[in-house]
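Open your viewer and get your selection tool ready. We will hop from one stop to the next, and at each one I will say what to select and what is there.

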Amino acid sequence: MTVFLQRLYFGLIGIFLALPIIVVAGVSVNEKQDLAFPPKGFSLGWYAEIFTNVEWRNALFASITLAALSAAVALLIALPLAWFLWRRHAPWANIFQLLGIAPFTLPPVITALGLLTFWAATGFYGQPATAVISHAIFFVTLPLVTLSLGFSSIDRSLVEAAATMGADDRTVFRTVVLPLILPYLVSGYAFAFVLSLNEYIVAYMTVGFTMETLPIKIFNALRYGYTPTMASVTILFVAIAATVFGLVARFGDLPKLLGAMSSRDQE
């Protein structure tokens, strides 16, 4: 009886958490242009409109481009920083770690306002590159954390052995360290990519309407009413996130990448 109640309890929690997605998914397949649930009829035409409508297709391409580039820049910032923090134990080195974590811990509107002020003062406001750099700064925390976990899992004796054999720092990093942190490298990129894909405030505050990403497109479209296309975009985002995180879980240790100890580490 106790086991049954536990399963029932967790089942109800799962349904409650999934209910918004279920409702949005139902709305996205309405046959008519109506935000109705349960859906009236069934049609996948609203999903097709994301790719056939020029405005929605351009917004999708802009979002993917922004997410891919900003995640790559965030990784380029986080990798040498995490490597430096792992190699150096000076107390002042923690300042750089705090700087790397700070943008993500602040309220997004505060970070966005600060970036808006900076780009406006320097005369670059509205340029697509500002959104890439801003997202990279905002999400650099994610690859920094995953890479820090990766570096902390490395047996330092391997590095010392390679150095004893005459390998310099560059060779040690390329032949010993990089293969060991590769899963953390990929997961850090994946996390930054997914969150950048869905981010609205920083993108809007740094480029305005000069670069219309999908989140910005959705808010702009709200001025003319609601359409099931918005719901289909939401489900598309959920599908992309589930696919990315599913691949990370399939080829890596997802609980450990999220900061939890794996069963092997606990033994």
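Start by selecting Thr213, which is buried at a relative accessible area of 2% (buried means under 20%, exposed over 50%, partly exposed in between, with a 1.4 Å probe and protein chains only). Thr213 sits in the loop between α10 (201–207) and α11 (214–221). Helices here are DSSP runs of H or I with at least four residues, strands are runs of E with at least two, and both are numbered from the N terminus.

A note before moving on: this is a predicted model, where local features need pLDDT of at least 70, side-chain atom pairs count only at pLDDT 80 or more, and totals for chains, interfaces and linings use all residues. Residues are numbered from 1 along each chain as its sequence is written, and side-chain values use heavy atoms, without hydrogens and water.

Now show what surrounds Thr213. Setting aside neighbours within four places in sequence, Thr213 is in contact (heavy atoms within 4.5 Å) with Ala59, Ala62, Ser63 and Leu66.

Next, select helix α3, residues 54–87. Its 34 residues reach 49 Å from first C-alpha to last, close to the 50 Å expected at 1.5 Å a residue (the expected span is 1.5 Å times one less than the number of residues). At the start of α3, look for a side-chain oxygen of Asn53 within 2.9 Å of the backbone nitrogen of Glu55.

Move on to Ser196, in helix α9 (residues 169–198). Is Ser196 buried or exposed? Ser196 is buried, with a relative accessible area of 2%. Beyond its neighbours within four places in sequence, Ser196 is in contact with Leu66, Ala67, Ser70, His135 and Phe139. Draw the distance between the side chains of Ser196 and His135: they make a polar contact at 2.7 Å. Such a contact is a pair of N or O atoms within 3.5 Å; within protein, one must be able to donate a hydrogen and the other to accept it, and residues adjacent in sequence count only if both atoms are side-chain atoms.

For a contrast, pick Leu12 in helix α1 (residues 2–28). Leu12 is exposed, with a relative accessible area of 52%.

Finally, zoom out. The chain has 14 helices and zero strands, and 38% of its 267 residues count as buried.
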